[in-house]
Amino acid sequence: MKHATTEELLARFKMLEKVDIFRLARELKAERCQCGGDLSFQMQTGRAGLYLCQTCGNSGDVVSFVRETLSMDYAESVAYLTEWSERQ
């Protein structure tokens, strides 16, 4: 397995700032938390999108959203988001 260079990692993290968490959630049909509660989403300029469950308080950034929704580890989530953003 090839290890990413520092420049590649920084480029991936910069890409995360541009992920539209609203579009991603619609595409994944993820409107509810695993507890069944409603999810709310927000975007902040210069930062990755955030999510929050109104029922259990589960929250996080776009990477943790993909980890929870698709049951992936951190590396798989970043790779998924990289590919997803390239298709947008």
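A nonpolar core is a set of buried Ala, Val, Leu, Ile, Met, Phe, Trp, Tyr and Cys residues joined through side-chain atoms within 4.5 Å. Buried means under 20% relative accessible area, exposed over 50%, partly exposed in between (1.4 Å probe, protein chains only).

The model is predicted: local features need pLDDT of at least 70, side-chain atom pairs count only at pLDDT 80 or more, and totals for chains, interfaces and linings use all residues. Residues are numbered from 1 along each chain as its sequence is written, and side-chain values use heavy atoms, without hydrogens and water.

Q: How many residues does the largest nonpolar core have?
A: Residues with the most contacts inside this core are L24, L39, F41, V62, F65 and L81. Two or more residues each come from α2 (21-28), β1 (39-44), β2 (47-53), α3 (62-70) and α4 (74-87). Helices (H or I, at least four residues) and strands (E, at least two) are DSSP runs, numbered from the N terminus. The core's count is 18 residues.

Q: What arc do the buried residues of α2 cover around the axis?
A: The buried residues of α2 are I21, L24 and A25. They lie on the same side of α2, because their arc, taken from the directions from the helix axis to the C-beta atoms, is only 100°.

Q: Is V78 buried or exposed?
A: V78 sits in helix α4. Its relative accessibility is 6%, so V78 counts as buried.
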